[in-house]
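Colleague: I've got this one open on my screen and would like to walk through it with you. Can we start with the annotated domains?

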Amino acid sequence: VLPPVDGDFYDISHSLNDEDRALQLKVRAFMENEIQPIVNEYWLKAEFPFEIIPKLAALNICGLTYEGYGCPNRSFLMEGIVAMEMARIDTSISTFFGVQSGLAMGSIYLCGSETQKQEWLPGMQQLTIMGAFGLTEPEVGSGAAGGLTTTAKREGDTWILNGQKKWIGNATFADVIIIWARDLDDNEVKGFLLRKGTPGFTVEKMHDKMALRIVQNGLITLTDCKIAESDRLQHADSFKDTAKVLKMTRAGVAWQAVGCARGAYEHALKYTREREQFGKPIASFQLIQNHLVEMLSNLTAMQTMCFRLSELQDNDLLKDEHASLAKVFCSLRTRDVVSKAREVMGGNGILLEYNVARFVADAEAIYSYEGTKEINSLIVGRAITGFSAFV
Ligand code: FAD
């Protein structure tokens, strides 16, 4: 009898209490039973499987760590475990969920007024209201902190927004999009709740992505879009507030990288035990075992790092540089794991039906979004040296 295929080598799940373990297994069952059978078809079509939404909502995991507004108020560790379980089957679904639950709901939870939270969060928690997060622009990615060109001009109780946003996940169908724009009066970045159908707002689906094909990314154009002062996020006064949201979600992206690596490792391990060459399973060859062990070392290092990261977050000790270091390390190591997984699967490693090729492509997006490896490195570099390399 062969040992079980399990990428949790140091048994991190063992640290979870019964309730948390049950939630982990519930999410895993959903991903294995509802997503795995359809994922490659949707990835190829580059469409989102909207039919999964009611079952996803029934898991009651949206806004997992938030308190009130129908949210479950669970730990950041569980939020990480959920992100990992989702990405272990498919990083696109995990990204869709991260945009809704982390970036969009998180902006409202951390920067919204009580009235704004009451209006949006309960519906978003139930996935009856869809959200998106618009920070990146066609000409401004890494330099968003100081360089946003989307403008907001206040006229009485109305703001006039102009500009473009690129790469915005869920934007093609979102009911509300958080738009980050520069206030022309004080030059600070402010956040706005842009409602679907607002005159002057258009969104085009971005086509022909080679990664995260299920995620619907949009190019948004805002032409004299009028937004009421009551739809300005009342506690977002500068980019420092945007950064609070990103600190929280970057920790989730690190866990997502773990899931992507874990999915690829588990597929590869299973494959090498079944595939025979020279009359023997290829898993019995020393060089293949060496590859598998390298993958597992990286995976285990990432998992243990993220476990501690979540502990810091749960104890309110998380700093920007902590989240950034995990994002750097995990997105880098994941690239290594998925490419080794592809390698040990030979030619089948590039066929969609064997799943690993999808993880290889998706690891590239994880590497670049929510702050590239370089930008997150500079955040850590600034913290440890005392010198900022940004300016
Ligand atoms: P650039 O900023 O042009 O960077 C190009 C290269 O230059 C990178 O390697 C970068 O690290 C490097 N570089 C830049 N500045 C420096 C420097 N000072 N020192 C060293 N190297 C540097 N954005 C949103 O707002 N909402 C979303 O929902 C969203 N979803 C996304 C989904 C996907 C699939 C992708 C790919 C992106 C998404 N993004 C989203 C955008 C994402 O956050 C940006 O792609 C990212 O911030 C990098 O910006 P950029 O692509 O413009 O690259």
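Modeller: Keeping in mind that this is a predicted model, the unreviewed UniProt entry places the feature "domain: Acyl-CoA dehydrogenase/oxidase C-terminal" at residues 243-384.

Colleague: How much of residues 243-384 is helix, and how much is strand?

Modeller: That span is 78% helix and 3% strand, and its end C-alpha atoms lie 19 Å apart.

Colleague: And which residues does the N-terminal annotation cover?

Modeller: In the unreviewed UniProt entry, "domain: Acyl-CoA dehydrogenase/oxidase N-terminal" covers residues 18-125; over those residues the chain is 75% helix and 4% strand, with the end C-alpha atoms 24 Å apart.

Colleague: Switching to the ligand, which residues are closest?

Modeller: The ligand is surrounded by 22 residues, of which the closest are Leu135, Gly141, Ser142, Thr372 and Glu374.

Colleague: Which element gives the most to that shell?

Modeller: That is β5, with 3 residues, while β3 (131-134), β5 (158-169), α10 (356-368) and α11 (373-385) each supply at least two.

Colleague: How do the shell residues divide into nonpolar, polar and charged?

Modeller: There are 11 nonpolar, 9 polar and 2 charged residues in the shell around the ligand.

Colleague: Stepping back, how does the radius of gyration sit with a compact globule?

Modeller: The protein has a radius of gyration of 21 Å, which agrees with the value near 21 Å for a compact globule of 391 residues, and buried residues make up 47% of the 391.

Terms used:
Residues numbered from 1 in each chain as written. Predicted model: local features only at pLDDT ≥ 70, side-chain atom pairs only at ≥ 80, totals over all residues. UniProt positions renumbered as here; feature names shortened; annotations may be inferred. Near = placed C-beta within 6 Å. Nonpolar A, V, L, I, M, F, W, Y, C, P; charged D, E, K, R; others polar. Rg over C-alpha atoms; globule rule 2.2 N^0.38 Å. Buried ≥ 20, exposed ≤ 12 C-beta atoms within 10 Å, placed from the backbone.
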